[in-house]
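My entries follow the order of looking.

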Amino acid sequence: MGVDAQMLVKNRGRHLNADEVLMLSVDIAEAFGTDAFSIVNDDEPENWCSHALEIVEEYQQDGEDILPEKGEQFIRVHLVGRYYGPGYERGNLPKYISIANWLEVRLPNSLVFYGGDSSGICAELFDAKGRAKMWAHFCQYGHRPYTGAFGSFKNEDVTLCSFCKTPMIDTGGGGGDTYLYCAGCGKRCIKIGKTGELVKVEHDEDYFAAHKRVVICEPPMPNYEFDIGSRYRPLYDQATGERDPE
Ligand SMILES: [Zn+2]
């Protein structure tokens, strides 16, 4: 399970009313795009709806809840996306930094906090100093510690991208074959386990479709077809010659 990013504004200036927070929600969604936030509008059949920003009584996390101190108003930012931080270099940090920056400009008497929703990653002050520290980590490491966690960089059996001369990232695979990705140019290919051959994945294709295409082109046995899960299953009953009922 992944760690999602969470953000909180401690407004220490004049408290905003619901209409003002709604206006601010619309502005921030317009600025960053509605996809940046977990927005559920009244088109949805569910009863629970949410704007980008919401006034809350407390901030819940995988740690102690944070409660407003005297004079503080809590505004929750409903971010979409994984957390990014040292030890979990996964989410879109530049976007979170920009959002925090935007909130500080629009709510000058406030403090922005940033954290995760699980794994004990608790909210920390995300002011200019906090953001600069995180930004320095991002500039140094990017997403490599996370993408490398699959073993791509430790594995002795590395595959170099022919274009970038850098190890391709192992993103999974199936049936002894490996799905590889190059972070330098976006090239994707499948490494066939048995032969070591690299097969290109086309732009409009996902790995599974490409895998199916490749394996079906060269079936190991004429009466077998590719099946995710068991890899190959018989097309025809070997004894009767009838098509397998499955
Ligand atoms: Zn490349």
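How many bridges join β8 to strand β9 (residues 177-181)? I count four, and the two strands run antiparallel. I number residues from 1 along each chain as its sequence is written. The model is predicted, so I note that local features need pLDDT of at least 70, side-chain atom pairs count only at pLDDT 80 or more, and totals for chains, interfaces and linings use all residues.

Strands (E, at least two residues) and helices (H or I, at least four) are DSSP runs, numbered from the N terminus. Two strands pair if DSSP finds at least two bridges between them.

Entry, sheet. I find G173 bridged to T178 in β9. Four strands form an open sheet in the order β8-β9-β10-β11, with antiparallel pairing. Its edge strands, β8 (169-174) and β11 (198-200), each pair on one side only.

Entry, β3. Strand β1 (residues 5-11) pairs with strand β3 (residues 73-77) in the antiparallel sense over five bridges. I see N11 bridged to Q73. Strand β2 (residues 53-56) is also antiparallel to β3, with four bridges, and E54 stands opposite R76.

Entry, helices. The axes (lines fitted to C-alpha atoms over the stretch in contact, angles from 0 to 180 degrees between N-to-C directions) of α2 (residues 93-106) and α3 (residues 128-141) come within 11 Å and cross at roughly 165 degrees. I therefore log α2 and α3 as roughly antiparallel (over 145 degrees). In contact terms (C-beta atoms, placed from the backbone, within 7 Å), L93, I97 and A100 in α2 meet R131, M134, W135 and F138 in α3.

Definitions and conventions:
Angles under 35 degrees count as roughly parallel, over 145 as roughly antiparallel, 65 to 115 as roughly perpendicular and the rest as oblique. Two residues are in contact if their C-beta atoms, placed from the backbone, lie within 7 Å.
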